[in-house]
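Hi,

Here is the structure I promised to pass on. Have a look at it first, and then read my notes below.

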Amino acid sequence: MGLRYRIHHHDTIDSTNDEARRLASRGEPEGAVAAADSQTAGRGRSGRAWITPPGAAIAMSIVLRPRVSANRTTQIALLGGLAVLEGIRRVVDLPMQIKWPNDVLVRGKKVAGVLAEASFAGDKMEYVVLGIGVNVNDGPPPDSNLEYAATSLATESGSALDRESVMNAILSAFAERYPLLGTPALSALWSNHLAMRGQPVRVIGLAETIVGTLESVTDEGAIVVRFDDGSSRTILAGDVHLRGGPLSPALNNSPSPSKSSM
Ligand code: BT5
């Protein structure tokens, strides 16, 4: 049976990911959704802050209890990004790409981000919370000091959109794609939308920074970076920056690139 959603709506909450975790730990089944008009402590990966323009954005988190033994958190984040892109496309026609692993871009600017967080009991995964933030009718204020340019769907399309329609379209797209979890079909779909594909990139991973050409996404949800000497490397977690392009960070304090091959 497919995903059935039960939406718990809040005007203001700390973080919908935290609320979804509370729902999950109280035993709420898969498909429970925490949604809010504004968040006081929205977050991205690695403790970064996520800004939710009050009343103008989507902030929601889905409780998932995938019946797979391995840790599929990365793949769930990828499914989330794909569903965000596909859902938005059902409402408004905009040129979109997904920046690995979890940003949806319109014309190179970030319009949405996803954050998948797993909870384990011993080595058994109890649940995953998939958080989705979309700038619908407004984005973060201009003085937000972001790493990348941000935008909203309204700014890019030139007209205000109905938040609930966008939210429902994303939830439907996710429910349709969820059965692809753990199948090779996901990476093929994802690779079609991969931003910076075939372009020179710098990947800041957990342990090191590498430079090469962004090639593809694997079935596990890792990216493949090809080096000039033809060898390649697979990276499961990190941030991708275009070398010398508009998506490069404004401030780059990363260590000088080290190259390694297999
Ligand atoms: C993300 O992290 O992009 C994941 C964002 C997930 C947000 C949702 S909202 C519902 C749920 N509840 C939560 O508390 N979180 C989830 P990351 O790739 O680490 O990017 C974070 C970076 O994006 C920040 O450091 C900022 O530079 C930038 N940023 C923050 N708010 C933004 C916004 N509204 N639009 C565009 N960029 C933003």
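Before the notes, one term: a polar contact is a pair of N or O atoms within 3.5 Å. Keep in mind too that this is a predicted model.

**The ligand**

Ser15 comes in through its side chain, with a polar atom 2.7 Å from a ligand oxygen. Taken alone, the ligand exposes 790 Å², and the protein buries 97% of that.

What surrounds the ligand? There are 29 residues around it, and the ones that come nearest are Ser15, Arg43, Arg48, Ile51 and Lys110. Several elements supply at least two residues each to this shell: α1 (16-25), β3 (57-64), β6 (109-121) and β7 (124-135). If you look at the pockets, the space taken by the ligand is the second largest pocket.

Helix α1 is also where you'll find Arg22. Is Arg22 buried or partly exposed? Its relative accessible area is 33%, so Arg22 is partly exposed. Arg22 and Val63 are 41 residues apart in sequence, with their C-alpha atoms 9.9 Å apart in space.

**Strand β12**

Next, go to β12, which spans residues 238-242 and is mostly covered, with 5 of its 5 residues buried. Which residues sit on each side? Gly238, Val240 and Leu242 are on one side, Asp239 and His241 are on the other, and all of these are buried. For a partner, β12 has β8 (residues 200-205), and the two pair in the antiparallel sense over 5 bridges.

**Helix α2**

Arg90 belongs to helix α2 (residues 73-91). It has 44% relative accessibility, so Arg90 counts as partly exposed. Between Arg90 and Ala173 there are 9.1 Å in space, C-alpha to C-alpha, while in sequence they are 83 residues apart.

**Backbone details in the loops**

Where is the cis peptide bond? It joins Trp100 and Pro101, with omega at about 0°, and Pro101 is in the loop between β4 (96-99) and β5 (103-106).

Then there is Ser46, which is not a glycine but has a positive phi, near 50°. Ser46 lies in the loop between β2 (32-39) and β3. With a relative accessible area of 70%, Ser46 is exposed.

Met196 is not a glycine either, and its phi is positive at about 70°. You'll find Met196 in the loop between α5 (185-192) and β8. At 4% relative accessibility, Met196 counts as buried, whereas Ser46 is exposed.

Happy browsing!

Methods. Residues numbered from 1 in each chain as written. Predicted model: local features only at pLDDT ≥ 70, side-chain atom pairs only at ≥ 80, totals over all residues. Heavy atoms only, no water. Buried < 20%, exposed > 50% of the residue type's maximum accessible area, 1.4 Å probe, protein only. Helix = DSSP H or I, 4+ residues; strand = E, 2+ residues; numbered from the N terminus. Pairing = 2+ DSSP bridges. Near = heavy atom within 4 Å. Polar contact = N/O pair within 3.5 Å; in protein donor to acceptor, adjacent residues only side chain to side chain. Areas by Shrake-Rupley, 256 points an atom, 1.4 Å probe, with all protein chains shown as cover. 1 Å grid on protein atoms, 1.4 Å probe; cavity = no way out; pocket = protein on both sides within 12 Å on 5 of 7 lines; lining within 4 Å. Sits in = over half its atoms within 2 Å of the grid points.
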